[in-house]
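Work through the exercises below with the sequence and the coordinates at hand. Each task is followed by its solution in steps.

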Amino acid sequence: MDGSSLGKWLCLVVCILTLLKTEGASIPLTIVQTAVARGAVCLDGSPPGYHFEKGSGSGIDSWLVHMEGGGWCESVESCVSRRDTYKGSSLKMEKTMGFSGILGSKQAANPDFYNWNRIKIRYCDGSSFTGDVQAVDPKTKLYFRGERVWQAVVDDLLAKGMKNARNAILSGCSAGGLAAILHCDKFRSLLPASARVKCVSDAGYFIHGTDISGGSRIESFFGQVVRTHGSAKNLPASCTSKMRPELCFFPQYVAQTMRTPLFVINSAYDSWQIKNILAPTAVDSKKEWKNCKLDLKKCSATQLQTVQNYRTQFLKAVNIGLGTSSRGLWINSCYAHCQSGSVTTWLADKSPVVGNTKMGKAVGDWFYDRSAFEKIDCPYPCNPTCVSIDSES
């Protein structure tokens, strides 16, 4: 190969690699260094971070802020175990991230939001961004500052142009989907009154459910989260003025008094809820539910009836909580958790449908008031379009 041919070949390789990098959308991690002075830090005291892809064209004044999920830590011990991971420290987070699904940048795959300013707030506090404890135990060196983290990141985005937003969505998946509900009205209050602002919760509608023992371990668990993180003062006052703070960690009690429109994407058989609210390991001492929780096809007839009863609990909680005309519902019957973040399930050819509609279209139509959308799927296993994407909460 002569020098000229080699040069052309190298140029081609560089061009291909550049294209691949662009298509892969390696969006860098932005660290909010100024947050440290406000005490707005991750569990380990490191500054919070987010990934930001700027909007363009018609989306330049539109903002989609999506909060990462990742469960909760309800005790000092469990928070210590998170502290030195990406769930508790920005020092452990990957430096770049690709966006897809609701955050995707391709028009065909995300026609309503592809050119918006799109942000993913990294989750490093373990409280759905609600904690705020001033004191720091010198032994554990744990910082419970989730609410401050949320405020610091949002302030950073407001300064970068979000204060002039014409359209905005606060969204999230799992613990981030719960955070979207808990912070929805607050988010709305920070933006121009003339802006169209709505919230989208994906797999964040955790219900105050009864487990297989007849109790509610999830209530005591959420109570521990609220106490450990000092969350009570940061939960919506419209709820905490009426009931115990730990109950205000459940969307069904918070959504009743929300003023901002909310769209709920959820499975009526949410895999995290079946595993942790209906049949938590702590009340399944004989591990009779182990196989059923992994795959509903492996449930006995009796277990499947219990799962169907849980769906009834879930739908009742949705109807009690979301009583306004501005709500949106896309409730499917797939055994899944977190469905909006994947190109496969958001708006692809084989994405699951409810009422003959894919979630990406349903959310877009609802946001822009093209048409209302409140659809609940038929009971499992009726939907042939289900795609199993059981991701971590």
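**Exercise 1.** Find how many aromatic pairs there are, and classify the pair of Trp-72 and Phe-222.

Step 1. Rings of Phe, Tyr and Trp (its six-membered ring) pair if their centres lie within 6.5 Å; planes under 30 degrees apart are stacked, over 60 edge-to-face, the rest tilted. By this rule there are 20 aromatic pairs. The model is predicted: local features need pLDDT of at least 70, side-chain atom pairs count only at pLDDT 80 or more, and totals for chains, interfaces and linings use all residues. Residues are numbered from 1 along each chain as its sequence is written, and side-chain values use heavy atoms, with hydrogens and water left out.

Step 2. The ring centres of Trp-72 and Phe-222 are 5.1 Å apart and the planes stand at 75°, so this pair is edge-to-face.

Step 3. The partners are 150 residues apart: Trp-72 sits in the loop between strand S3 (62-67) and helix H2 (76-83), Phe-222 in helix H5 (residues 217-229). Helices (H or I, at least four residues) and strands (E, at least two) are DSSP runs, numbered from the N terminus.

Step 4. Buried means under 20% relative accessible area (1.4 Å probe, protein chains only), exposed over 50%, partly exposed in between. Trp-72, at 8%, is therefore buried, and so is Phe-222, at 0%.

Step 5. Both belong to one aromatic cluster, whose members include Phe-206, Phe-249 and Trp-272.

**Exercise 2.** Describe the largest nonpolar core and the surroundings of Met-162.

Step 1. A nonpolar core is a set of buried Ala, Val, Leu, Ile, Met, Phe, Trp, Tyr and Cys residues joined through side-chain atoms within 4.5 Å. The largest has 77 residues, and Trp-72, Met-162, Phe-187, Tyr-205 and Phe-249 have the most contacts inside it.

Step 2. Helix H4 (residues 175-189) gives the most to this core, eight residues.

Step 3. Contact means heavy atoms within 4.5 Å. Beyond its neighbours within four places in sequence, Met-162 touches Trp-63, Val-65, Val-154, Leu-157, Phe-187 and Leu-191.

**Exercise 3.** How are helices H8 and H10 oriented, and which residues make the contact?

Step 1. Axes are lines fitted to C-alpha atoms, for helices over the stretch in contact, with angles from 0 to 180 degrees between N-to-C directions. The axes of H8 (residues 271-278) and H10 (residues 301-321) come within 12 Å and cross at roughly 100°.

Step 2. Angles under 35 degrees count as roughly parallel, over 145 as roughly antiparallel, 65 to 115 as roughly perpendicular and the rest as oblique. H8 is therefore roughly perpendicular to H10.

Step 3. H8 contributes Gln-273, Ile-274, Ile-277 and Leu-278, and H10 contributes Thr-306, Val-307, Tyr-310 and Phe-314.
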